[in-house]
Amino acid sequence: MTGGLVLSGLRRRFGDLVALRDLTFDVAGGVVTGFLGPNGAGKTTTMRAIFGLTDLDGGTITWDGRPVDESMRRRFGYMPEERGLYPTMRVGDQVEYLGRLHGLSALDARRSAQRWLERLGIADRVADRVEDLSHGNQQRVQLASALVHEPELLVLDEPLAGLDPTGIDDIGAVLVEQARHGRGVLFSSHQLDQVEDLCEQVVIIDHGQLVVRGTVDELASAGPPRLRVRVEGDRDGSWAESLSGVTVSEVRGGEVRLVLDPGVDSSAVLAAAAHVGRVTEFSLQRRRMSEVFREAVR
Amino acid sequence: MTRALAIRLVIAALVLVAVIRRAWRRRQRAGQRVSTRANQRVSSRADRSVVLLVAAREIRQRLRGRVLKVSTLVIMLAVVAVIVLPTIHSHTSSRVRLAVVTGAPASVDALAARTATALGLRLRVSSVPSSSAGRAALTANRVDLVVTDHSNVVVARAPSPTDTSPSAQFVRDLANELGTARAVAAAGLSPAQADALAHAAPVTITALSGSSRRHLVDPTSIIGIILTFVLLSQYDQWILTGVMEEKSSRVIEVLLAAVKPLQLIAGKVLGIGAVALAQGTLIVTTALVAASAVGSPILHGTAPWVLASSLLWLVLGYVFYSWVFAAAGSMAERMDQAQSLVFPLTVPLIAAYVYALSTASSGSASLLFKILAYFPPTALFAMPTLVGLHAVGVGGFVASVVIDLVGTYLIARVAAAVYRRAILRTGGRVRWRDLTRPR
């Protein structure tokens, strides 16, 4: 693939720590790509590298087939993990200023800032200082700053962290909307349910290298069959642990998720469950993103 | 067609193709050069535009804050006070009230008038009937001194030998004049002889070597030095905290995702520099207006030049030190870290400030001080002081400015490199050895 963002063979070492190890993946336009990995996997280093904020020991980053340079980066939008705003600057001024730094005229920057602040529900705070806003609203200002210049690519490091459900819905809707307009969206998150809901594509890295990449559908339907079983009176799924070829994947609120090895007959599992108590739920399931993640970084 | 002709035609065709191809390539290369130059021009314009945007933000932020308004007001009031108060004091003490006891020689009035004129004092003479009446007027503070006759001047309090005020000088000079008049009268000189004696001119002084060129204390230089130090400290603190704020709030990552580090730091230096120039100009203008209104001596002689050169060197010094402080700010995340980094860098600044104050007060510049006027970290205090002491010519002044500009260019390059490597390093103070490693 030459279109969109292509990261190829990225390498970066901090002393003895290898942060990126020949990392290669791409982010297509028009798609929301979830960027997952355990803490210290190299997600933030990768995102910083896209914007030239960290030096690379090797590898290339291209956008539409051309190496990413300063003029291209001005057409990208970035939201860092540790929020980057002037605490004492007014909300409207801040968004407008960042729009102008990305090449907008004064008038366009003002209009666009106003539009995004309205879209994100904080237009009434335009004259307030950023430090006077709640965490969630600061997050919205940060997103407005990343979007004000209508970027071709959005790179967001943990944009959903610390948000309430309404905030997650609002910001998630904006990300999907951006992708629908043909823009590339890459965001990292530890909230795997949200990733599953928002993303078409997922990239999982661990120890600085790619471990899983694919669409949400591909990843959910791949792998061995799995069952969701609920047995009356059972809370921990201990009955399944003794079954041969069956692995307990998750136990949550009495719901037990089981992974079956090839050749294991699901009716044998049903019989074992029925032996413990009345079976209230028994169904074949797709993999959850949390399972994809755990199995990838195990 | 002969074979030879055919060969010639083929060769001619090949040559023609080669010539056309070469011309085509030249044209393409020329087009590329034009395109590259055009791109460079566009890029350069965009760079300048970003620097101006950053500068404009700095200016807006400073103008909105209270610090600038309050500090400008306080400094302007202080400057006005320093200029106006001495003149008020001199106006109140420029009058002397003399009481002459009836019966004293008539020449007392003339002697007193001549002495007062020589000292620039306004004299008011009154007459009292007796010595005791004169003493009573003195006690009631209706007069400053009483002359009873040629042999006695009475004052409320004896002037100190170290008191150089005009009124104290008047008492001493008048006593001398009266003593001389009494001696002349006792010697029985004719009026012409007495007049010749009274108007005796001093003999010519012939020196074997030139004067020591020691000048009086120059108050304008001292005001300029103190103002430069106060303002420069304020501006450099703005640079330091501004860079640190961007680093500690992580806004730097968002900024550097869109602009180059050099654009950011240059915009900051330019913006705060513009505020500095405006504030400095406002203060100097206030000083000149206040001095003009009250007839202050700071407008006399070289004082306007000292003020102008102080303003120029404030700007030059700011530009030089702003890069140093920006680099220090980029290496720290907390104020205590920044202060420990900045302290060794400000030693020449503080040393030059103290040395300049001492030199301006003493009225003469040492050779070392003159050398320091050509050293960029210290020139901002040394050169205006030399201007006040008439110890530098136009050539020396210009040379110092040129050396400072070259020094600023070099320090800016080093500071920009430090800034670029340090600003994105978080998690504590950046150490010098970290700057050699990749970001």
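**Entry 1: one alanine in chain B.** I began with B:A416 and asked why B:A416 counts as buried. B:A416 has 20 C-beta neighbours inside 10 Å, so it counts as buried (the cut-off is 20 or more other C-beta atoms within 10 Å of a residue's own; 12 or fewer makes a residue exposed, anything in between partly exposed, and C-beta atoms are placed from the backbone). I found B:A416 in helix α14 of chain B, residues 394-422.

Next I looked up what B:A416 touches. Leaving out residues up to four places away in sequence, I noted B:P261, B:L262 and B:I265; contact means C-beta atoms, placed from the backbone, within 7 Å. B:L262 is 154 residues from B:A416 along the chain, yet their C-alpha atoms are separated by 6.2 Å.

**Entry 2: ground rules.** I reminded myself that this is a predicted model, in which local features need pLDDT of at least 70 and side-chain atom pairs count only at pLDDT 80 or more, while totals for chains, interfaces and linings use all residues. Residues are numbered from 1 along each chain as its sequence is written, and chains are lettered from A and ligands numbered from 1 in the order in which they are written.

**Entry 3: chain B as a whole.** I counted 14 helices and four strands in chain B. Of its 439 residues, 34% are buried. Among contacts in chain B between residues at least 6 apart in sequence, 78% join residues at least 24 apart. I also noted two domains, domain 1 (95-186) and domain 2 (219-436), with bounds from an automatic or database domain assignment. Their centres, taken over C-alpha atoms, are separated by 54 Å.

**Entry 4: where the chains meet.** How many residues does each chain bring to the contact? I found 21 from chain A and 18 from chain B. On the chain B side, α1 (3-64) and α8 (251-256) are the elements that give two or more residues. The largest share, six residues, comes from α8(B). I sorted that side into twelve nonpolar, one polar and five charged residues. For this, Ala, Val, Leu, Ile, Met, Phe, Trp, Tyr, Cys and Pro are nonpolar, Asp, Glu, Lys and Arg are charged, and the others, Gly among them, are polar.

**Entry 5: a helix in chain A.** I turned to α6(A), where A:G167, A:I168, A:I171, A:G172, A:V174, A:L175, A:Q178 and A:A179 are buried. They cover an arc of only 155 degrees around the axis, which puts them on the same side of α6(A) (the arc is that of the directions from the helix axis to the C-beta atoms). On the other side, I saw A:P165, A:T166, A:A173 and A:R180 exposed. What covers the buried residues includes β3 (32-36) and α5 (135-147) of chain A. After α6(A) comes A:G182, with a positive phi near 95 degrees.

**Entry 6: strands in chain A.** I traced β1 (residues 5-14) running antiparallel to β4 (residues 58-63), joined by five bridges; pairing takes at least two DSSP bridges. A:L5 stands opposite A:W63 in β4(A). β4(A) also runs antiparallel to β5 (residues 66-67), with two bridges, and A:T62 faces A:P67 there. β4(A) and β5(A) form a hairpin with two residues between them, and A:D64 in the turn has a positive phi of about 55 degrees.

Key: Contact = placed C-beta atoms within 7 Å.
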